[in-house]
Amino acid sequence: MHTRSNIARLLSLLLIATLLLGMGSVAQAQEITIPEQGVKLQIPDTFTVTEDIEADTASVLMMTVQGDETVAYIISFGEDAAYAGKSMESLTPEENEALFTSYSADVDTPTYAMETLSGVHWMAMRAGNGAEVIYLTLLYGYLCEVTALRVDGDALTDEQIAPLPEIAGSLALEMPTALES
């Protein structure tokens, strides 16, 4: 349960994060919004949203690039009760490993490195075969995942991976629904 001072502190942090995150932009980008989750991201103009799935606690957008149907880009954002109120930078090393293990269970020989994009800590995961790259962050109990996946199983090219940190770095939050009460 959040007290008024905790909520005010979280609101201040969200406002600062939104201002900082809004400074970065993807060249020739379009803004996408997930209103139910209070999320805004910038995606390249060449991306086309092919599927938009809304559930009670999560939203998923699937995209392709015009002229390249071999790669699927996926953005998901949703609340995870196991990490209620936590953010990536507040996780212990053990919690980081547990998060990595749970989100990479279906990835071929995964590895990860931590990156900071526009002031937000992200876990950048790679499949050993190079066919999948996932950027994952945790903000106040909400997980955001930005993924590129080769549908044919071949390794992603640097050009296909390049949009991921740009998209991840453009993340801007409005008031998450769980913090409104």
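**Entry 1: a hairpin**

How many residues lie between β3 and β4 in their hairpin? I found three residues between the two strands. Before going on, I noted that this is a predicted model, where local features need pLDDT of at least 70, side-chain atom pairs count only at pLDDT 80 or more, and totals for chains, interfaces and linings use all residues. I number residues from 1 along each chain as its sequence is written, and side-chain values use heavy atoms, with hydrogens and water left out.

My helices (H or I, at least four residues) and strands (E, at least two) are DSSP runs, numbered from the N terminus. Strands count as paired if DSSP finds at least two bridges between them. Strand β3 covers residues 47-54 and strand β4 covers residues 58-65; I see them pair in the antiparallel sense over seven bridges. Looking across the pair, I found Val49 opposite Met63 of β4.

**Entry 2: helix α2**

Next I asked which residues of α2 are buried. I call a residue buried under 20% relative accessible area, exposed over 50%, and partly exposed in between (1.4 Å probe, protein chains only). In α2, residues 93-103, the buried ones are Glu95, Asn96, Leu99 and Phe100. Seen down the axis of α2, these fall within an arc of 140°, so they line one face of the helix; the arc is that of the directions from the helix axis to the C-beta atoms. On the other side of α2, I found Pro93 and Glu94 exposed.

What do the buried residues of α2 pack against? With contact meaning heavy atoms within 4.5 Å, I got β6 (111-117), β7 (120-126), β8 (132-139) and β9 (142-150).

**Entry 3: salt bridges**

My rule here is a side-chain nitrogen of Lys or Arg within 4 Å of a carboxyl oxygen of Asp or Glu. The count comes to three salt bridges.

Lys86 is partly exposed, at 27% relative accessibility.

Then I turned to Arg150. Is Arg150 buried or exposed? Arg150 is buried, at a relative accessible area of 12%. Its salt bridge with Asp152 has its closest N and O atoms 2.7 Å apart, and for the one with Asp154 I noted 3.6 Å. Shared partners join Arg150, Asp152 and Asp154 into one network of salt bridges.
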